[in-house]
Amino acid sequence: MARIDPTNIEQAIRDSADAARPHARKGEVADYIPQLAELDPDRFGLALVELDGREHVVGDADECFPIQSMSKLFALVLAMQRLGSDRGVSEEIWTRVGREPSGDPFNSLVQLEHERGIPRNPMINAGALVIADLLIEHCSDPLDSLTGLIGELAGEPVRIDPEVAAAEDATSQRNRAMGNLMASFGNLTNDIDAVLDVYNRQCAITMSARQIARSVRFLADDGVDPASGRTVLSGSLARRVMAVMLTCGTYDAAGDFAFSVGLPCKSGVAGGILAVAPDHSGICVWSPPLDAMGNSVAGRVALHELTERLELSIF
Ligand code: DON
């Protein structure tokens, strides 16, 4: 990708933020737990971190919020590290979870019954529960490994908010139902309580947009974290992670995101959306109000504006 003048990037993130902010009021902040219901709908942060380390931020880019479903990306990366081969994909993962968009809400149970307990992909709740199950088998302390990986990529330690984790636990009936249904098909090895504990706490990891943007740069850099030079995943696996993000990372809106943003993305219900611009940068936007599919309304607009202005679409 051609080098973009950093002055243009500064201007582009400011203009994109200005264009996106008014759209926030069209959405609704998630209200299934008080910690999300209380989020200020006017919070807005946008961060773009280039592979050479230059950081461009606007608004509340240093305020931490629960990463929620964005954790599904890091959990998949950790599972691939532990299970994957450098040559390609690990069958142990992909016999238990698919790689197809679901076309259903992120917490839907419907397909699981028809498809005999194999979730469509690791970016929806059922798929993330299978990944959590795999992490329990392959890590002595999955959350320690996960926060360790993310902290290393973010350049500073990250924490789990215990109140968010407890609230997730108290409202995990649908996820528990999914876990039990998958267990009935033999696709969950560990006790559902242990799996939910990992999943609920990974959703409760809190990070800022700046930290998140830093932490996905390795995907833009062929699997190598540019900050440390360490290979996180082989280039081959990094490309596959981005393929899953592009097709499944924003649930039922993945087609619309491919069309309007043109980058691999992953969203979370606290209003964060992370994106990867290959060979260029890691990006994260945060604006709490969501659309009906669970993606940040202003976040999507900001990413659209930014990729248009900087010509970052992969297409
Ligand atoms: O498991 C759940 O349903 C919540 N913790 C929400 C996860 C999430 O972010 C889904 N996405 N947008």
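User: What gives the most to the lining of the largest pocket?

Analyst: α9 does, with three residues. This is a predicted model, in which local features need pLDDT of at least 70, side-chain atom pairs count only at pLDDT 80 or more, and totals for chains, interfaces and linings use all residues. Residues are numbered from 1 along each chain as its sequence is written, and side-chain values use heavy atoms, with hydrogens and water left out.

User: What makes a space a pocket, and what makes it a cavity?

Analyst: Both come from a 1 Å grid over the protein atoms alone. In a cavity, a 1.4 Å probe fits but cannot get out. A pocket is an open set of points with protein on both sides within 12 Å along at least five of seven lines. Lining residues have an atom within 4 Å of a point. Points are joined across faces, edges and corners, and the volume is the space filled by probe spheres set on them.

User: What is the volume of the largest pocket, and which residues are closest to its centre?

Analyst: The volume is about 260 Å³. Of 17 lining residues, Tyr32, Phe106, Asn107, Asn125 and Asn175 are the closest to the centre. The elements giving two or more residues are α9 (173–184) and α10 (192–203). Helices (H or I, at least four residues) and strands (E, at least two) are DSSP runs, numbered from the N terminus.

User: How many cavities of 30 Å³ or more are found, and which residues line the largest cavity?

Analyst: The search of the whole structure finds one. The largest cavity holds about 60 Å³. Pro105, Ser108, Gln111, Leu112, Pro119, Arg120, Ile124 and Ala126 line it.

User: Why is the contact between Arg210 and Glu55 called a salt bridge?

Analyst: A salt bridge needs a side-chain nitrogen of Lys or Arg within 4 Å of a carboxyl oxygen of Asp or Glu. Here the closest N and O atoms are 2.7 Å apart, so the pair qualifies. Arg210 is in helix α11 (residues 209–215) and Glu55 in strand β2 (residues 55–59), 155 residues apart. The rule gives 19 salt bridges.

User: Why is Arg210 called buried, and why is Glu55 called partly exposed?

Analyst: Buried means under 20% relative accessible area, exposed means over 50%, and partly exposed lies in between (1.4 Å probe, protein chains only). Arg210 has 17%, so it is buried. Glu55 has 29%, so it is partly exposed.

User: How do you know that Arg201 and Asp197 form a salt bridge?

Analyst: Their closest N and O atoms are 2.9 Å apart, so the pair meets the rule. Both residues lie in helix α10, four residues apart, about one turn of the helix. Arg201, at 32%, is partly exposed. Asp197, at 34%, is partly exposed too. Elsewhere, shared partners join Glu55, Asp62, Glu156, Arg210 and Arg214 into one network.
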